[in-house]
Amino acid sequence: KHLKRINKNNRRSQTIMRAAIRTGLLGYTFSFNPSHPSPKTPLQPNEILLQVKSSAINPVDYKLPKQLAGPIPGIDVSGIVQQVGSDVTSLQVGDAVFGRAITAKGNLSGSLAQEAIASEAEVAKKADYLTFEEGAALGTAYLTSLQSLRDAGKVEKGSVVLVIGASGGCGLAGMQLALALGASRVVGICSGKNFEFVKSQTGASSSSTAVELVDYTDEGAMKKICEENVGKFDCIYDTATGSGRGEDYASNSSIANLLKQPTGQFVQINGGPSTWAKKVLGFEDKNRSLVVTAKEGKRDLETIANLLEKEGFKPFLNVKKFDENSIIEGFQQLKERRTKGKIVFTIEE
């Protein structure tokens with residue numbers, strides 16, 4: 001445990017902390033540093049300094065070079081507020097919070113470390129319903145899914161929703177949140193070997209909506225779902241296209257035909273260069289969206305926690321220690337997509 005020294009003008013003397021770090025020229029590999037410099041203070045007026053309790057990782061953490069993302073990986077975070085900036089009003093020292101380690105200037109602070117800085121607008125108070133590990137798992141996957149379904153997909157009570165990649169991090173979040181938002185029918189596409197896992201994570205809902213699952217490796221089952229559901233879905237939430245294994249549901253006409261016309265929405269969270277170009281240039285089709293998670297997630301984080309508690313849902317976790325072997329193993333599993341649930345590191349017991 002490192003010691004922090006705070007002087008009278010709220011500036012801390014330089015201290016060190018344990019942290020995961022990006023290595024190599026671009027930072028696409030990872031290591032562990034037991035004596036990395038702690039975040040620099042004083043804080044911006046609307047920032048907080050966190051003692052990190054848990055941190056979760058996402059594909060974006062290994063896809064971004066360190067020149068853009070900084071030396072410490074990790075966005076999702078939970079922890080205890082240690083310091084507050086002069087304009088922070090909703091939080092105080094000692095509060096337990098969860099969210100994203102994004103600074104007031106929009107930079108990534110890095111959450112795989114004993115300390116991290118976050119904007120007040122990027123974290124919410126942690127409900128007792130959630131452990132620190134569970135809170136850390138919500139930042140990216142659940143924010144992305146809520147904004148994809150509710151905002152881009154217009155999902156509301158009575159909606160019919162298809163989730164592609166239902167057993168992955170964002171896919172499972174999408175299944176849970178679609179139910180919590182009141183969808184009358186939720187269908188998930190994933191490998192048949194993951195059916196029981198998905199059912200176990202979506203069956204605790206107080207909703208009477210039954211989850212339907214389709215095995216993407218079964219050509220007959222895929223053909224049947226496409227033939228029998230033309231024009232039936234209000235929202236298709238595609239978490240698989242562009243995720244690294246060559247999937248491309250976004251250009252599959254049989255999948256597109258499942259959308260209710262003219263109001264149905266196809267929402268994806270990854271895509272090829274042409275998809276990103278349309279997004280950047282503002283040329284997206286009226287019923288297609290590529291979602292980039294919005295900044296200032298405090299209110300949506302509060303909504304997510306409330307929805308999960310109401311339905312009895314929790315994120316499924318793959319919890320790891322915070323050491324070099326575990327860091328390397330965790331990122332390897334994430335890259336190879338051979339883990340169930342969110343990979344979460346326990347930073348401080």
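## Reading helices and buried residues in a predicted model

Me: Which residues of α10 are buried?

Reply: The buried positions in α10 are K298, D300, L301, I304, A305, L307, L308 and E311.

Me: And how do I read the length of α10?

Reply: Compare the end-to-end reach with the expected span. Helix α10 covers residues 298-311, which is 14 residues, and it reaches 20 Å from first to last C-alpha, close to the 20 Å expected at 1.5 Å a residue. Then look just beyond the helix: G312 takes a positive phi of about 80 degrees.

Me: Let's turn to helix pairs. How are two packed helices described?

Reply: Two packed helices are described by the angle between their axes and by the distance between those axes. Here, α5 packs with α6 (residues 195-202) at an angle of about 40 degrees, and their axes are 10 Å apart. That angle makes α5 oblique to α6. The crossing of the two is right-handed.

Me: Which residues make that contact?

Reply: From α5 come L172, M175, Q176 and L179, and from α6 come F197, V198, Q201 and T202.

Me: While we are on α5, is G171 buried or exposed?

Reply: G171 sits in helix α5, and it counts as buried because its relative accessibility is 0%. Setting aside neighbours within four places in sequence, G171 is in contact with V163, G165, A166 and T239.

Me: How far is G171 from L301 in sequence and in space?

Reply: The two are 130 residues apart in sequence and 17 Å apart in space, C-alpha to C-alpha. L301 is one of the buried residues of α10.

Me: Now a loop residue. Where does N287 lie?

Reply: N287 lies in the loop between α9 (273-281) and β13 (288-290).

Me: Why does N287 count as buried?

Reply: The cut-off for buried is under 20% relative accessible area. N287 has 17% relative accessibility, so it counts as buried.

Me: Which residues does N287 touch?

Reply: Not counting residues up to four places away in sequence, N287 touches L259, Q261, G264, Q265 and F266.

Methods: Residues numbered from 1 in each chain as written. Predicted model: local features only at pLDDT ≥ 70, side-chain atom pairs only at ≥ 80, totals over all residues. Heavy atoms only, no water. Helix = DSSP H or I, 4+ residues; strand = E, 2+ residues; numbered from the N terminus. Expected span 1.5 Å × (residues − 1). Buried < 20%, exposed > 50% of the residue type's maximum accessible area, 1.4 Å probe, protein only. Axes fitted to C-alpha atoms, helices over the stretch in contact; angles between N-to-C directions. Parallel < 35°, antiparallel > 145°, perpendicular 65-115°, else oblique. Left-handed = near helix turned anticlockwise from the far one by under 90°. Contact = heavy atoms within 4.5 Å.
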